[in-house]
Amino acid sequence: MALLSVQGISVAIGALCPLEGVTFDIDKGEILGLVGESGSGKSLTAMCVMGLLPRIGGTITKGSIAFDGRELIGLPEIELRRLRGKRIALISQNPMTSLDPIIRIGAQIDQVSILHLGLSATTAKARSLDLIAQLRIPEPEAIHRAYPHQLSGGMKQRIIIAMALAADPDLIVADEPTTALDVTIQAQIIQIMVELVRDRGLALMLITHDMGVVAQACDRVVVLYAGRVAEMNGIGEIFAEPKHPYTRELIRCIPRLGQEPGSLKGIPGVVPSIVDYPDGCRFNPRCSNAQALCRDEAPALEPKSSGLAACHFSEV
Amino acid sequence: MISFFIKRLLLLIPVFLAVSLLIFMIVHLVPGDPIDNLVQNNSSPEQKAALAAKYGLDKPLYQQYAIWLGNALTGDLGDAIILRRPVADLIAQNLPHSLSLGALALLFSTVVGITAGALAAIYKDSWTDRLTMTLILLGSTVPGFWLGLLLIMLFAVQLGWFPVSGARSWDALVLPVLTIGLGGVALVARVTRVAMMETARKDFVMMLHAKGVPPWRIELRHVLRHALLPVVTILSLRIGWILGGAVTVEFVFARPGLGSLLITSLNQRDYPVVQGALLMLAVAVMLGTLLGDIVQAAMDPRVRERIK
């Protein structure tokens, strides 16, 4: 049984419907990449899994989210709160703004293990120091006493990773954990995070728009496009044999060494606006292969020769 | 922290000089002559001149200022012309009344204001919020002296719960404190509410929810703590307002205090007393802002960093 099973969830925010029938699952110890352009619904999916959707004014209108065999939709807030931070932890997008600026770093990490594991202040501190050291941060004692503004972005993101690990969760949701960081430390952070997750056998849902990061870290990939799943497959299969034209385009957009100058091109067209999604397959206006069928009928997410894809013409 | 304190104290010196000059100028530019209040209507110009010389009022203004400031710095604020006593004594006698009134009004504004603001923010758009906001609107628009009269009519005259005026017992403080403090309550509540609602939208608050921290703990330990930073600034500026409010309110309630002293002396053109009392008020305002800065630095590590 999958650790997390998301089945056909649709989300409404006001009159808008930014997610439609999103389906995927994550096994224990698996790293799943959730890929897509801005506005494709990646972060919203994270909010659904964390049970934080109501905080941004959204509701899940359809589908089910099962975690460790237990349905999360409709679970009382107090039950969700016991899962959050303890069994499902979040690594947020912007480390610069995700720590309370007037509280010491140490106290913010300690808070998690005191709250969820019932540790005393001293044992919580020892545990936090140990975690800080595992994240290869020099002088854990000094960092434990420091305030967020005294740390660099990369250091803050490590602290947030430490916070996520503090109560030994089973699943970590990392929402574009390196987007706000310098390119030079992005790879470092991903590497440390993946290493710690693998060592502990945790499941990781890694949200990113960077196919390079996916190739570096993930076991399986879910490609989102305009609020729907376009394709889902193992990492080897998806790079070797993408089934959805959007995935093909994404892979084509990864810069390669020795590439002819000027040959790197983006995907033509723009991500459709949520207020004006095209009929049929939502990728059809940007697809070089689009037929009349694509404009009339939305393709279902179906099993292909390997994995799942939502394309009428994936096998041709 | 100590170097910050010293730096802020040194910065107060030019402010003090400017304020003292301003006070001196205003008092001497007001039409009217204290000598007229001292002498009979039929006194001769010679008698008047003699009196003016006695109090140093015949000297040029800049000399009068220099003498006054020099003496003030040594604690000698001169002698009252009408009341015929050292100004320092008069102030020492009246200050405790004003301080207890001001401190209680400040405490009342702080405690009630923060509580009301926090409740309104936490229960946003509920009837608690709407009721608080309505009272806040009333509280911030009603002038203190009028509110004071209404309170006297209701609680002192009609219900007889508190004394109408004076300062003989502690319960005589209740109505004046309410009168001065309600405006402060409204201001503090409004700032607290807005600051909390703004903080609640920050990323780190979402992160706290993601960590599974109970909502009441997030509101009190994190959101409210952030909201108190602007509240401290407002309160430190409010000290001047409260002392200014005390001037009219002391008069309405016929309480002894710096305000009553100031108004009485002003009507009699008793320059030394007016100057002394105004200078005390100015010093109190300056110390208030200094205190605000210190509290702010103690609460916010980012402020401490900037000071270094």
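Guide: Before we start, a helix here means a DSSP run of H or I at least four residues long, numbered from the N terminus. Also keep in mind that this is a predicted model.

Visitor: Okay, which helix does A:Ile114 lie in?
Guide: Look at chain A, at the run covering residues 105-117. Residue 114 is part of that run, so by the DSSP naming A:Ile114 belongs to helix H3 of chain A.

Visitor: Is A:Ile114 buried or exposed?
Guide: Count the other C-beta atoms within 10 Å of A:Ile114 and you get 20. The cut-off for burial is 20 or more. So A:Ile114 comes out as buried.

Visitor: Which residues does A:Ile114 touch, leaving out those up to four places away in sequence?
Guide: A:Ala166 sits 52 residues away along the chain, with its C-alpha 9.4 Å from that of A:Ile114. As for contacts, with the neighbours up to four places away set aside, A:Ile114 touches A:Leu119, A:Ala121 and A:Ala124.

Visitor: How many of the nine residues of helix H1 of chain A are buried?
Guide: That helix covers residues 42-50, and its buried residues include A:Lys42, A:Cys48 and A:Met50. Helix H1 is largely enclosed by the rest of the structure, because the buried count is eight of the nine.

Visitor: Which strands stand at the edges of the open sheet of eight strands in chain A?
Guide: The order runs S6-S7-S8-S3-S9-S10-S12-S11, with mixed pairing. An edge strand has a single partner, so one side of it is left without a neighbour in the sheet. That describes strand S6 (88-91) and strand S11 (302-303).

Visitor: What is the bridge partner of A:Glu302 in S12(A)?
Guide: S11(A) pairs with strand S12 (residues 308-309) in the antiparallel sense, over two bridges. In S12(A), the partner of A:Glu302 is A:Ala309.

Visitor: What angle does helix H10 of chain A make with S9(A)?
Guide: This helix, residues 245-252, packs on the sheet and touches strands S3, S9 and S10 of chain A. Its direction and that of S9(A) make about 105°.

Visitor: Is A:Asp68 buried or partly exposed?
Guide: A:Asp68 sits in the loop between strands S4 and S5 of chain A, and its phi is near 55°, positive although the residue isn't glycine. It has 16 other C-beta atoms within 10 Å, and burial needs 20 or more. So A:Asp68 is partly exposed.

Visitor: What about A:Glu176, buried or exposed?
Guide: A:Glu176 is also a non-glycine residue with a positive phi, near 45°, in the loop between strand S7 and helix H7 of chain A. Because its C-beta neighbours inside 10 Å number 21, A:Glu176 counts as buried.

Visitor: Over in chain B, are H8(B) and H10(B) roughly parallel or roughly antiparallel?
Guide: Their axes come within 9 Å and cross at roughly 160°. Angles over 145 degrees fall in the antiparallel class, so H8(B) and H10(B) are roughly antiparallel.

Visitor: Which helix gives the largest share of the side of chain B that touches chain A?
Guide: The contact takes 19 residues from chain B and 24 from chain A. On the chain B side, helices H9, H10 and H13 each give two or more residues. The largest share is six residues, and it comes from H9(B).

Key
Residues are numbered from 1 along each chain as its sequence is written. Chains are lettered from A and ligands numbered from 1 in the order in which they are written. This is a predicted model: local features need pLDDT of at least 70, side-chain atom pairs count only at pLDDT 80 or more; totals for chains, interfaces and linings use all residues. Two residues are in contact if their C-beta atoms, placed from the backbone, lie within 7 Å. A residue is buried if 20 or more other C-beta atoms lie within 10 Å of its own, exposed if 12 or fewer, and partly exposed in between; C-beta atoms are placed from the backbone. Two strands pair if DSSP finds at least two bridges between them. Axes are lines fitted to C-alpha atoms, for helices over the stretch in contact, and angles run from 0 to 180 degrees between N-to-C directions. Angles under 35 degrees count as roughly parallel, over 145 as roughly antiparallel, 65 to 115 as roughly perpendicular and the rest as oblique.
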